[in-house]
Amino acid sequence: MILVNEEPLAWQVGMTVRDILRAKNYRFPMLIIHVNDTLIPKQDYDTTVVPDEAVVKVIHLISGG
Amino acid sequence: MSQLVFDPTKVMPIDHTKRTEYLDGLAAIKADRKVLKEITYTPSLPDKGYNNRSLYVNVDTLEITEKPVTQQMKDVFIGGRGFGLFHLWNAVKPTTRWNDPENEIIISPGPVAGMTQYAGTGKSLVVSLSPQTDIPIDSNVGGYFGPLLKFSGFDALELQGKANKDVILFIDGVKGIIRVEEAPVGPVDSHVLGEVLTHLYAEDEADLPNISVVSTGAAAEHSLIGMLNFSFYDRRRKCVRFKQAGRGGIGTVFRDKRIRALVVRGPKVAGDLNHPADPKTIAKTGIKYHKEIRENDPHQCMMRRNGTAHIVEIMDAYDLLPVHNFQYGSHPDVHRIDSSYWQQRCTQVTVDGCWYGCSMACAKGADGLILQTGPYKGDMVTVDGPEYENAAGLGSNCGVFDPDYLLELNFYCDTYGICTITYGTLTAFVMECYQRGILDKQRTGGLEMTWGNAEADLEMMHQMARGEGFGKIAGMGVKKMKEYFIRNGYGDPQLINDIGMENKGLEYSQYMSKESLAQQGGYALTNKGPQHDEAWLIFMDMVNKQLPTFEDKAEALYYFPLFRTWFGLNGFCKLPWNDVVPSDNASQPEPQKVPEHVQNYVDLFSATTGIQIDKEELIRQSAKVYNFQRVFNIRMGKGLRLHDAAPYRSLGPVTKEEYESRAERYDQQIVTEMGLDPKGKSTEEKMALHREWRTGRFSQLMDAVYTRRGWTLDGVPTLARLQELGLDAFPEVVAVVKQHL
């Protein structure tokens, strides 16, 4: 189990940041993602594997209007 | 997560040069012109962003005078919305209502406006007493009028009085002539009037871009929701286009004064007309920003390709897109009106902006629309947009997913002079009333206002423009419709009040706030009413969970409304602030504020005016005007806690089907937020629990926000706060507050 923006999400072996975005349907293009307090660059979303029990923060920048 | 990719091969083959022309009667109108008053003046260009004078015109007495812009005005009110509020305060009494002659319409662009080196710098702020809210309304609008007014020599235009017959005010900033003319018999609707007047007042074809027209349309005469169109000449399409000062019914005030149009003819725009104190810093800041747009926009929001419509599908994905009068947050047919469609439908001739030098260029044109209804049936027109608010308000919120009908609704809103946001929300309310039996065919005069019935929707709008039938009732707006329906015994008053999405008399704009307490405050705890231009906190609060406590939310509802107020003091557009961000923004402290861009704004203001500020002073500048506006509301008999109340639809689920559509979420909240067990409880019992919890926490939010803003728990700025901001220099302001302490 991992925490994504304080909500639990089932963890899977080999789960990447991109998998988390898909699972949460996070489609907004301007995100800032930290896995266990480490900033993950956008170009690494497909390759960064997230460990079990990770705390993931997906910060969506302000949009709208 | 997948970002939309633009495929140029899918763009529809539409000829952007073809549309119906309306210049047939031009010669007759030219011959018919009758001058009521003409004066000459000495045109000037700003010095460090200011001309240090404003123009006052009384359309009744035909008084035309210049007024000085004092140092105190600049120090306290900066410009734009600040100047508008200052002039309006001095023009009206607490008893003044929107249709009294002393009410004014003030247009002011702000000291930075007109800059061509940075994106989003062509804005004007329009201020008036609103027919919908009875308090000051401010509306931020693009188009060329504000900057050309400034380059003609005036930092603001004050319009007062009520004319006996329709008039046109013409300001020739090249020849130094100001003229009030009797308006010719002829067009009122903006797409015709704008085109005719642009050609009437331009000296030749090369002069067309130097003309800007402010107008409204037929519906503004018969409703309370009229807006103003500000024109700009599109050289590539060779047509007149418009941006809208939409909110709060200023177009209605305009027509009540019997102003048909304002026309300015300015000098040819160049990069140095503001005569800034430090042009090198402006150039450097602009070059840096343009590079950022060019490199980052294609993989961020794609504003240059999609404009604000890029968030239609995003709001839908996060359950935030208003559907069926804000009942639901998503709909399976949204793909028909999302940006993947508009990419194909909008004719992107090239980058497309509403002021010179705007590299964000989010304007879009849908060309070649052949109208199916109304007085212009069969005409081929160009429609601007649709922007997000139009797609959501006229589209999903009313269940209209046919893109051509959506464009036609958008077009008629624009040319009739009515606010698309307001019209979308009031129509959604009408449709839900129809769904729930509050309205029926008899009460609507035969209109079947079912979800998605675009033909009935358009007919209601045409009735509004003709001032007849149910359209005239709808044109009163949601607040007055609620009162009318309740007074006539049409349905349960609580239900009608719960589902009517207005606060202070202004309709909500198009975001779902049910699951974001901060956004509930971002809408309701505003000065003018629920418009998203003060604070948009849904992601920070609901998705990111960055605002867990009331104090966190209150801090956001302190900072962001003040930060965003500042755009309106200076003539900036909000979009370039956060719809693209620097590559290293993620590693900056408080990245949601986009710190590099905040510094850009500090630098641009300092470099224009020569007044050195920092980011703290920026907030303080706004705080003066924001608190002044709050006191202004109180002076007009509003502006207290009770006036910040929110309709329950904005706070939580009103109906059983609404609850049951998201039952898992709501049941879970009963467990996690209320510490109760939903098992064995009926939906009605669970809805009652939610109502108590949600209204209670909204009240707690009000306490926290008022405290952070330096207000009493009744929402009144304290004397200490006024002193801190220097507003105690205005005895009238202090006197208003003292009555409530």
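**Chain B: overall fold and one helix pair**

Good morning. Chain B contains 30 helices and 17 strands. Please bear in mind that this is a predicted model.

I begin with overall dimensions. Along the principal axes, the C-alpha atoms of chain B occupy a box of roughly 80 × 60 × 55 Å. How does the radius of gyration of chain B relate to that of a compact globule? For 741 residues, such a globule would have a value near 27 Å, and the 24 Å of chain B agrees with this.

Turning to the interior, 58% of the 741 residues in chain B are buried. As for contacts with a separation of 6 or more in chain B, 72% of them are between residues 24 or more positions apart.

I now come to one pair of helices. In general, the packing of two helices is described by the angle between their axes and the distance between the axes. Here the pair consists of helix H3 of chain B, residues 81-91, and helix H24 of chain B, residues 615-635. Their axes lie 10 Å apart, and the packing angle is about 30°. Because angles under 35 degrees count as roughly parallel, H3(B) is described as roughly parallel to H24(B). The crossing of these two helices, H3(B) and H24(B), is left-handed.

Which residues bring the two helices together? From H3(B), B:Arg81, B:Gly82, B:Leu85 and B:Trp89 take part, and they meet B:Val625, B:Phe628, B:Gln629 and B:Phe632 in H24(B). Sorted by class, the contact of H3(B) with H24(B) comprises five nonpolar, two polar and one charged residues.

Thank you for your attention.

Notes:
Residues are numbered from 1 along each chain as its sequence is written. Chains are lettered from A and ligands numbered from 1 in the order in which they are written. This is a predicted model: local features need pLDDT of at least 70, side-chain atom pairs count only at pLDDT 80 or more; totals for chains, interfaces and linings use all residues. Helices (H or I, at least four residues) and strands (E, at least two) are DSSP runs, numbered from the N terminus. The radius of gyration is taken over C-alpha atoms; the globule rule is 2.2 Å times the number of residues to the power 0.38. A residue is buried if 20 or more other C-beta atoms lie within 10 Å of its own, exposed if 12 or fewer, and partly exposed in between; C-beta atoms are placed from the backbone. Two residues are in contact if their C-beta atoms, placed from the backbone, lie within 7 Å. Axes are lines fitted to C-alpha atoms, for helices over the stretch in contact, and angles run from 0 to 180 degrees between N-to-C directions. Angles under 35 degrees count as roughly parallel, over 145 as roughly antiparallel, 65 to 115 as roughly perpendicular and the rest as oblique. A crossing is left-handed if the near helix is turned anticlockwise from the far one by less than a right angle, and right-handed if clockwise. Ala, Val, Leu, Ile, Met, Phe, Trp, Tyr, Cys and Pro count as nonpolar, Asp, Glu, Lys and Arg as charged, and the others, Gly among them, as polar.
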